[in-house]
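Colleague: Can you walk me through this one? I have the sequence and the model open.
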Amino acid sequence: MRQYKTSDQQEEVIKKAFQVLDKDGSGYIEWNEIKYILSTVPSSVPIVPLSDEEAEAVIQAADADGDGRIDFREFSDLVKLEKKPRK
């Protein structure tokens, strides 16, 4: 996991990642963007595209307010939940 000198640096990196994932610039990551993102990730094994139900499940896992999309706060909270490796 990357170490940041300040929380502002971490927040800026998270903001840039969110902007990359928010393809239409709406301020939200929606199910169609999730499907697109996961279908374009390079992999050494063939990937079957996500079904609508699977994409919706990804959204629901991060959607704290239940509006069916991931806003920046929800995305940031999800990223910050990443567990630190044990030493």
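Modeller: A word on terms before we start: helices (H or I, at least four residues) and strands (E, at least two) are DSSP runs, numbered from the N terminus. This is a predicted model.

Colleague: Fine. How many helices and strands does the protein have?
Modeller: Four helices and two strands. Along the sequence they come in the pattern α-β-α-α-β-α.

Colleague: Which residues make up the largest nonpolar core?
Modeller: There are nine of them: Ile14, Phe18, Ile29, Ile34, Ala55, Ile59, Ala62, Ile70 and Phe75. Two elements, α1 (7–21) and α3 (52–62), each give two or more residues to this core. The largest share is that of α3, with three residues.

Colleague: Which residues are buried in α3?
Modeller: Ala55, Ile59 and Ala62. They sit on the same side of α3, because the arc they cover around the axis is only 70°.

Colleague: Why would that spacing line up?
Modeller: An α-helix has 3.6 residues a turn, so residues three or four places apart point the same way.

Colleague: What covers the buried residues of α3?
Modeller: The cover includes β1 (28–29), α2 (31–40), β2 (70–71) and α4 (72–80). Leaving aside residues up to four places away in sequence, Ala55 touches Trp31, Ile34, Lys35 and Leu50.

Colleague: And which exposed residues are on the face turned away?
Modeller: On that face α3 carries Glu53, Gln60 and Ala61.

Colleague: Changing topic, what does the accessible surface come to?
Modeller: About 6,700 Å², with 54% belonging to carbon and sulfur atoms. Of the 87 residues in the protein, 20% are buried.

Key
Residues numbered from 1 in each chain as written. Predicted model: local features only at pLDDT ≥ 70, side-chain atom pairs only at ≥ 80, totals over all residues. Heavy atoms only, no water. Core = buried A, V, L, I, M, F, W, Y, C linked by side-chain atoms within 4.5 Å. Buried < 20%, exposed > 50% of the residue type's maximum accessible area, 1.4 Å probe, protein only. Contact = heavy atoms within 4.5 Å. Areas by Shrake-Rupley, 256 points an atom, 1.4 Å probe, with all protein chains shown as cover. Arc of directions from axis to C-beta.
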